[in-house]
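Reader: I would like to go through this structure with you. Could you put it up, please?

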Amino acid sequence: MLYQQSNVKRPRRGEANHIPDLPTGETPENLEKERLSLLKEVKKRNNHMVKRDKMAKTFSFRRQEVVEKKLSVELKDRWPTLFQVDEMNAEFLRITTVPLQARFLDSLDRHFGQLLQIIRNKGGKVREMTRDKLKVLDQSLDQNTRRECLLKCLIMYLGEDVGKLVKKYLVVQKDEAETELE
């Protein structure tokens, strides 16, 4: 294994594949070539299967990079496919053996009523901000719309700005992003 250093972080609870060994017969150089090939595939359309296979093949190489080199901002440059919804779910499944999106939505649905009651009981500024979202939630029968409204209300309840939940940075803003991440 490549993680003989003492400063490598330890696996968290639930991480089944913290730093897996490289596949039999593969070398870091071969997997780096595969990564470069994957970068070309990202630009193409309708090749989800090819990208998924390459991501699965390079999983151990990517995990070693993330854990040992502690990649942060460079991760999106090196592995842009990882930031697509399907691949995010697949990567989480590879690491923890738990389906991320399905489990999250199941838990959200299970606690929907309780969360909604907590939000409705809140007064003041939060009630003002969530009023419109709760009207949409009450009128909608679509499960996805109801989930979206609940999540937006939760964000407001927690005092966060819905528009700033996920912040994107351009490559030229790398220094600013690293400063904010610290």
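Reader: To begin, which residue just after α5 takes a positive phi?

Author: Thr 97 does, with a phi of about 60°. Please note that this is a predicted model, in which local features need pLDDT of at least 70 and side-chain atom pairs count only at pLDDT 80 or more, while totals for chains, interfaces and linings use all residues. Residues are numbered from 1 along each chain as its sequence is written, and side-chain values use heavy atoms, with hydrogens and water left out.

Reader: What about α5 itself: how far apart are its end C-alpha atoms?

Author: They are 17 Å apart. Helix α5 covers residues 85–96, and its 12 residues should span 16 Å at 1.5 Å a residue, which agrees. The expected span is 1.5 Å times one less than the number of residues.

Reader: Which residues of α5 are buried?

Author: The buried ones are Glu 87, Asn 89, Ala 90, Glu 91, Arg 94, Ile 95 and Thr 96. Buried means under 20% relative accessible area, exposed means over 50%, and partly exposed lies in between, using a 1.4 Å probe and protein chains only.

Reader: And what covers them?

Author: The cover includes α2 (48–57), α3 (59–69) and α6.

Reader: How many helices and strands are there in the protein chain?

Author: The chain has 10 helices and zero strands. These are DSSP runs numbered from the N terminus, with helices (H or I) of at least four residues and strands (E) of at least two.

Reader: What share of the chain is buried?

Author: Buried residues account for 29% of the 182 residues. As for contacts, meaning heavy atoms within 4.5 Å, 57% of those between residues at least 6 apart in sequence join residues at least 24 apart.

Reader: Changing topic, how many salt bridges does a search of the whole structure find?

Author: The search finds 15. A salt bridge is a side-chain nitrogen of Lys or Arg within 4 Å of a carboxyl oxygen of Asp or Glu.

Reader: Which side chains meet that of Glu 32 in salt bridges?

Author: Arg 35 pairs with Glu 32 at 2.7 Å, N to O, and Arg 78 pairs with Glu 32 at 3.1 Å, N to O. The Arg 78 pair links distant parts of the chain, since Arg 78 is in helix α4 (residues 74–78) and Glu 32 is in helix α1, 46 residues apart. Arg 35 and Glu 32, by contrast, both lie in helix α1 (residues 28–42), three residues apart, about one turn of the helix.

Reader: Are those two arginines buried or partly exposed?

Author: Arg 35 is buried, at 6% relative accessible area, whereas Arg 78 is partly exposed at 22%.

Reader: Where do Asp 106 and Arg 110 sit?

Author: They are in helix α6 (residues 100–110), four residues apart, or about one helical turn. Asp 106 is partly exposed at 45%, and Arg 110 is exposed at 53%.

Reader: Which residues are linked in a network of salt bridges?

Author: Glu 26, Glu 34, Lys 54 and Lys 57 are.
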